[in-house]
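My notes follow the structure below, point by point.

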Amino acid sequence: MSSAFFLPAELGKRFCIYHRPADGGTGRGFVYAHPFCEEMNKARRMAALQSRRLAAAGYAVLQIDLFGCGDSSGDFADARWEIWKQDLKIAIGWLKSRLDKPLGLWGLRLGGTLAADVARDPSISIEQLLLWQPVSTGERFLTQFLRLRLAAEMLAEGTAQTSSRELRATLARGLPLDIAGYDLHPRLAAEIDALSLADLVPAVKRVHYLEVTATPEPGLSPDSQRALQAWRSKGLDVRAAAVGGEPFWSTIEVTECEALLAATEGSLKAAY
């Protein structure tokens with residue numbers, strides 16, 4: 001059973017959906033960190049499907065719309081990385097007050113990178129990290145996002161009027177950019193640009209790391225392999241796998257990936 005509510009937070013309220021665990025639940029739970037901008041909307045169905053399946057398996061799940069996103073307070077133009085980190089910590093505190101065992105953080109794409117960053121703090125007692133296709137390199141991710149502006153210019157004008165370098169120069173001058181309908185603030189852009197997943201070593205017992213690929217023989221990307229090698233060198237228990245499927249967070253139509261849902265459940269079951 002699921003219920004929606006607004007959670008009080010700094011600068012307003014955050015829209016949340018709470019998925020109650022099935023009777024006789026595990027006592028464990030997850031807070032879900034959604035992806036960036038339009039990827040959030042494309043991934044809503046998969047997030048809902050996985051949340052329901054986790055609840056049926058006995059986990060409590062709290063989905064939260066971060067500041068300036070979805071139905072939460074604030075404008076995206078005012079969003080900052082530290083505000084989003086604080087949002088996840090508030091959500092963790094809310095869920096922790098209702099459960100009797102350590103929690104997990106679950107994140108998709110940039111939300112996965114955000115979850116890893118938050119999980120670096122040992123004081124919040126995160127037991128495990130569930131990552132779906134996290135962003136490994138913020139610089140590359142930001143460049144790809146900026147290219148949406150160039151693609152829109154090509155559709156409207158027949159050719160791009162600017163370049164990624166020029167857009168970055170605009171941000172460096174302290175000016176915001178309208179990218180695909182989202183006002184990107186220079187500070188948030190700089191925070192994303194500086195991200196490196198390999199450096200965000202989480203203070204958790206284990207990491208479940210899952211990627212989706214449309215290639216005939218699914219495998220982890222080189223960037224992911226480098227990040228996970230860095231984590232394992234720090235003693236982290238990382239359980240990684242790649243499954244076949246479409247990148248549902250970026251497809252034109254809303255898409256599901258059953259293989260990812262099944263792999264997630266299998267990885268969690270094997271941990272206990």
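1. Surface first. The protein chain exposes about 12200 Å², and carbon and sulfur atoms supply 51% of that area. Please keep in mind that this is a predicted model. As for the interior, 51% of the 272 residues of the protein chain count as buried.

2. Overall build. The secondary structure of the protein chain consists of 9 helices and 10 strands. With a radius of gyration of 18 Å, close to the 19 Å from the globule rule for 272 residues, the protein chain is as compact as a globular protein of that length. If you are setting up a box, the C-alpha atoms fill roughly 60 × 45 × 35 Å along the principal axes.

3. Contacts along the sequence. Take the contacts in the protein chain with a separation of 6 or more: 74% of them are accounted for by residues 24 or more positions apart.

4. A helix pair to look at. Two packed helices are described by the distance between their axes and the angle between those axes. Here, helix 2 (residues 44–56) and helix 9 (residues 258–270) have axes that come within 11 Å and cross at roughly 35°. The crossing of helix 2 past helix 9 is right-handed. On the helix 2 side, the contact is made by Met46, Leu49, Gln50, Arg53 and Leu54, while helix 9 brings Glu258, Leu260, Leu261, Ala262, Thr264, Glu265 and Leu268.

5. Two backbone angles worth a glance. Which phi does leucine 11 have, though it is not a glycine? Leucine 11 has a positive phi of about 65°, and this residue sits in the loop between strand 1 (2–9) and strand 2 (12–19). Cysteine 37, also not a glycine, has a positive phi of about 50°. Cysteine 37 belongs to the loop between strand 3 (29–33) and helix 1 (38–42). Its relative accessible area is 6%, under the 20% cut-off, so cysteine 37 counts as buried.

6. Leaving aside neighbours within four places in sequence, arginine 109 is in contact with Pro35, Glu39, Trp132, Gln133, Pro134, Val135, Phe141 and Trp249.

Notes:
Residues are numbered from 1 along each chain as its sequence is written. This is a predicted model: local features need pLDDT of at least 70, side-chain atom pairs count only at pLDDT 80 or more; totals for chains, interfaces and linings use all residues. Side-chain values use heavy atoms; hydrogens and water are left out. Axes are lines fitted to C-alpha atoms, for helices over the stretch in contact, and angles run from 0 to 180 degrees between N-to-C directions. Helices (H or I, at least four residues) and strands (E, at least two) are DSSP runs, numbered from the N terminus. A crossing is left-handed if the near helix is turned anticlockwise from the far one by less than a right angle, and right-handed if clockwise. Contact means heavy atoms within 4.5 Å. The radius of gyration is taken over C-alpha atoms; the globule rule is 2.2 Å times the number of residues to the power 0.38. Buried means under 20% relative accessible area, exposed over 50%, partly exposed in between (1.4 Å probe, protein chains only). Accessible areas come from the Shrake-Rupley method with a 1.4 Å probe; for residues, only the protein chains shown count as cover.
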